Amino acid sequence: MTAHVSTHTERKGFGFWWTMFIAALLVIFGLPIAAGGLWLIVLGGSWYYLPAGIGLLLTAYFLFRRDLNAVWVYLITFAGTLIWALWEAGFNGWAQVPRLLAPSVVLVLVLTTLPMLRGSIRRFGTGMAAAMITLVGALGAIAIANYSTEPSYAQDEVPPAEPEPETDVTAPETPPVPPDETGIEPEAPVGDELATEAEIVPDTARYVLFETGADWPAYGGTNHATRYSPLTQINRDNAGQLEQIWEFRTGDLPEGDEAFGNQNTPIKIGDRLYLCSALNKITALDAATGTQFWTYDPVVSADAIGYNASCRGLVYFEDPGADQGELCATRVVNLTHDARMIALDTETGQLCADFGNGGIVNLMEGIGDSAPGFYAPTSPPTLVRDVLVVGSQVSDGQTREAPSGVIRGYNAVTGGMDWAWDMGRPGETGLPPEGEIYTPGTPNVWTIASGDDELGLVYLPMGNSAVDYWGGDRSDEENTYSTAIVALDVETGAVAWHYQTVHYDIWDYDLGGQGTLVDFPGPDGPVPAIVMPSKQAQFYILDRATGEPLVDIEERPAPQGGVEPERLSPTQPFVTDFPNLLKPDLTEAQMWGATPLDQLWCRIQFRQAIYDGVYTPPTLDQPWIQFPGYNGGSDWGGVAIDPEKGIMIANYNNMPNYNQLVPREEVDALGILPITDPNYTPGAGSGSHGSISPQALTPYGIRVNAGWRVPYTGLLCKEPPYGGIAAIDINNREVLWDRPFGSARKNGPFGIPSMLPFEIGTPNNGGGVITASGLFFIGATTDDLFRAIDIETGEEVWQVELPAGGQAGPMTYEAGGRQIVVINAGGHDFMETPIGDYFIAYALPGGEPVAGEGAEQP
């Protein structure tokens with residue numbers, strides 16, 4: 001009798017309360033799943049969640065009664081879940097995470113209660129538990145194996161192009177010197193030889209042309225922006241031996257809640273590397289050792305930071321009319337966040353006294369009064385011939401009366417303004433009359449232009465008019481040039497041609513990438529072309545002399561409606577005979593999360609929103625889904641093209657936004673103010689980083705859920721992958737490979753890194769560089785890895801972890817007999833990667849090079 005009471009008491013102890021706990025847990029999850037499932041059915045969505053929720057509640061009921069039927073009810077529920085999950089998503093490992101992971105955990109928990117349940121088949125139940133655990137493990141292994149062995153995307157069908165089997169991409173006009181066994185061009189000019197051996201254009205003698213190889217003379221390699229180097233020392237076979245050879249830190253890190261995200265690609269000429277920090281400090285380093293020659297600090301206040309603190313690049317200019325050794329005969333030019341253009345002597349870091357006002361040009365002249373950070377350049381000028389072409393970042397979503405998007409050309413020797421292209425003042429190329437300013441709110445160029453010295457054209461990737469999501473008072477000129485490629489005559493500032501990639505852009509689909517200039521295969525031979533990537537993951541390829549399309553572009557019907565139906569364009573341009581990376585329209589089945597609960601939440605949101613595919617117009621009374629979101633597709637990283645092999649590499653994003661217009665009265669009631677308001681407080685819910693942007697002086701503010709995040713967990717509502725990388729053969733117009741890009745190691749619910757090594761395909765920004773040895777070097781992803789990828793197969797051949805995010809384009813050059821690869825690990829606040837101030841160089845193992853004369857020794 002005593003022994004019987006002891007056993008009964010033990011069973012009423014931990015086992016009893018464990019069973020009650022599991023039952024209560026199922027009620028907590030079962031109620032919202034059942035209620036949400038009913039709501040989803042009413043909205044026209046999946047019928048799975050209501051019966052699943054009822055199954056959880058029935059399981060809980062029988063657990064409370066300690067009845068073996070709890071196991072049978074949940075086994076039936078789990079079997080139904082398994083059948084539904086496989087029917088809806090197949091063996092897609094990542095898609096099955098919210099469908100099967102939590103239910104499998106619940107299955108194990110329910111089975112642990114078997115010893116406490118009343119029934120006549122307890123022993124059979126114990127065996128059933130072992131069998132089900134084995135089944136769950138097998139399903140997990142199948143899902144993971146399937147994901148690991150099928151990394152490529154299925155491609156959208158693209159109408160086939162006319163075959164051109166005998167056409168190839170032409171080589172550069174000046175072929176590189178054949179490399180020796182090290183892969184370094186032995187006759188490439190380095191050091192002091194460069195100035196005398198660089199090509200000086202004879203007919204004008206006004207500018208000097210440089211090539212990549214020993215050097216990396218411009219942000220995109222050259223102003224053609226192919227991001228290609230003929231170096232071959234580092235190749236597929238030895239890339240795994242790469243090691244860090246030096247590191248330089250600028251000291252620029254946020255001291256409070258400032259937004260930082262430096263995206264600098266250094267330039268290299270001779271034995272020197274030139275870079276700029278997040279707050280525009282300019283530094284010259286020894287290219288071989290990373291030791292410092294000099295640093296110039298323009299003393300930029302953190303108040304001047306706009307979208308974020310970033311200095312993408314510098315311009316190098318060599319004055320053919322100057323005597324060798326003369327101060328500022330060679331100079332670097334930079335733009336600062338507080339709108340100054342600064343020219344420095346490359347040897348000493350001194351200001352160029354004959355440039356502007358003592359080495360500085362005030363870019364606010366003609367712009368008018370502006371709040372700090374509103375007009376804040378983050379990209380370098382583009383040098384075409386001897387003209388510095390200057391645009392600027394203007395903070396999004398603030399007010400219709402934003403600073404002008406005027407584009408100006410300045411003489412690279414004197415700093416004097418040659419012309420201004422203000423689309424609101426056609427035919428006027430100088431400063432505005434006294435008391436007036438350049439036209440406010442016009443489309444700007446915040447990213448980097450490219451240029452053709454021979455044609456004398458600069459190619460502008462245009463942004464949008466001020467306020468992105470409403471255009472009711474835009475001028476005809478704004479509607480003509482917004483989100484367009486505009487070619488300007490660099491001598492006069494006159495428009496040579498333009499091509500608009502989005503009509504009446506109310507989606508923030510501005511052109512963020514730099515156009516790449518190549519010789520593109522045509523039916524009658526190669527044609528000088530510009531390849532412009534877009535946020536819609538399409539590639540607009542145009543004759544760069546005339547602007548005529550070199551691919552078929554079809555005007556397709558676009559969704560209508562929204563708050564401006566009378567102003568929307570009925571069609572939008574789609575490239576049809578060249579591969580694009582635009583993914584199929586979203587479906588409810590692609591909604592995601594960590595658990596069935598947040599996946600259900602995303603499904604309900606999907607059904608509550610308006611979504612008619614790409615170009616769904618902004619709406620007021622209910623949310624709308626924007627896919628792709630404003631982060632692309634392609635953004636500031638651009639593309640890289642190997643002109644010898646005819647291979648283009650493009651990394652891209654694959655994420656939606658979940659947006660809704662907000663009535664002016666509500667915006668005002670919430671106290672959301674533009675940056676120009678005296679009472680504006682950074683970080684108080686308004687501005688470019690707030691959930692609602694004011695769009696002052698228009699009828700609506702805008703609420704943007706960028707990436708469409710799940711509440712609480714912070715995960716994204718769309719299933720992975722969120723980003724990819726692809727190779728396209730531009731001769732045959734075929735996709736060579738297309739796969740997810742970026743691992744899950746730094747991503748997870750609640751911002752906790754999962755450290756999982758699987759290639760989930762993360763958001764990514766920042767481009768890469770191709771080498772003649774068939775490698776593509778790139779950071780960009782949110783897993784803080786720097787990679788080398790085989791361009792023919794997409795296989796990763798090397799990776800290294802960076803101390804901060806690598807959202808900057810890398811570059812490569814030769815110094816001290818070694819090919820060196822450098823990347824700025826600066827991080828990015830919007831991408832939520834760690835912020836840093838690192839410039840890191842990698843090379844194959846070898847001797848220690850000696851610092852150049854005048855460098856500060858470590």
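Is Tyr 499 buried or exposed? Tyr 499 counts as buried, at 15% relative accessibility. Here, buried means under 20% relative accessible area, exposed means over 50%, and partly exposed lies in between, using a 1.4 Å probe and protein chains only.

## About the model

This is a predicted model: local features need pLDDT of at least 70, side-chain atom pairs count only at pLDDT 80 or more, and totals for chains, interfaces and linings use all residues. Residues are numbered from 1 along each chain as its sequence is written, and side-chain values use heavy atoms, leaving out hydrogens and water.

Helices (H or I, at least four residues) and strands (E, at least two) are DSSP runs, numbered from the N terminus.

## Disulfides

A disulfide is a pair of cysteine sulfur atoms within 2.5 Å. By this rule, the count is 3 disulfides. Counted along the chain, the bonded cysteines follow the pattern 1-2, 3-4, 5-6.

Take Cys 276 and Cys 311. Their sulfur atoms are 2.0 Å apart. The link is left-handed, with -100° about the S-S bond. Cys 276 lies in strand S6 (residues 272-276), and Cys 311 in the loop between strand S8 (292-296) and strand S9 (315-318), so the pair ties together parts that are 35 residues apart in sequence. Cys 276 is buried at 0% relative accessibility. Cys 311 is buried too, at 2%.

## Two further links

Cys 328 is joined to Cys 352, S to S 2.1 Å. This link is left-handed, with -100° about the S-S bond. Cys 328 sits in the loop between S9 and strand S10 (330-335), and Cys 352 in the loop between strand S11 (340-345) and strand S12 (360-362), so parts 24 residues apart in sequence are tied together. Cys 328 is buried, with a relative accessible area of 3%. For Cys 352, also buried, the value is 0%.

Cys 602 and Cys 717 have their sulfur atoms 1.9 Å apart. Their disulfide is left-handed, at -80° about the S-S bond. Cys 602 belongs to helix H8 (residues 596-608), while Cys 717 is in the loop between strand S31 (700-706) and strand S32 (723-729), so the pair ties together parts that are 115 residues apart in sequence. Both Cys 602 and Cys 717 are buried.

## Aromatic pairs

Rings of Phe, Tyr and Trp (its six-membered ring) pair if their centres lie within 6.5 Å; planes under 30 degrees apart count as stacked, over 60 as edge-to-face and the rest as tilted. The count by this rule is 30 aromatic pairs. One of them is Tyr 459 with Trp 497: the ring centres are 6.0 Å apart and the planes at 45°, so the pair is tilted. Tyr 459 lies in strand S18 (residues 457-461) and Trp 497 in strand S20 (residues 495-500), so the pair ties together parts 38 residues apart in sequence. Tyr 459 is buried at 0% relative accessibility. Trp 497 is buried at 6%.

Now back to Tyr 499. Its ring and that of Tyr 540 have centres 6.2 Å apart and planes at 40°, so this pair is tilted. Tyr 499 is in strand S20 and Tyr 540 in strand S23 (residues 539-543), 41 residues apart. Tyr 540 is buried, with a relative accessible area of 0%.

Phe 210, Tyr 274, Trp 294 and Tyr 316 form one aromatic cluster.

A charge sits over a ring if NZ of Lys or CZ of Arg is within 6 Å of the ring centre and within 35 degrees of the ring normal. Arg 272 lies over the face of Phe 293, 3.8 Å from the ring centre. The charged end of Arg 474 sits over the ring of Tyr 504, at 5.5 Å from its centre.
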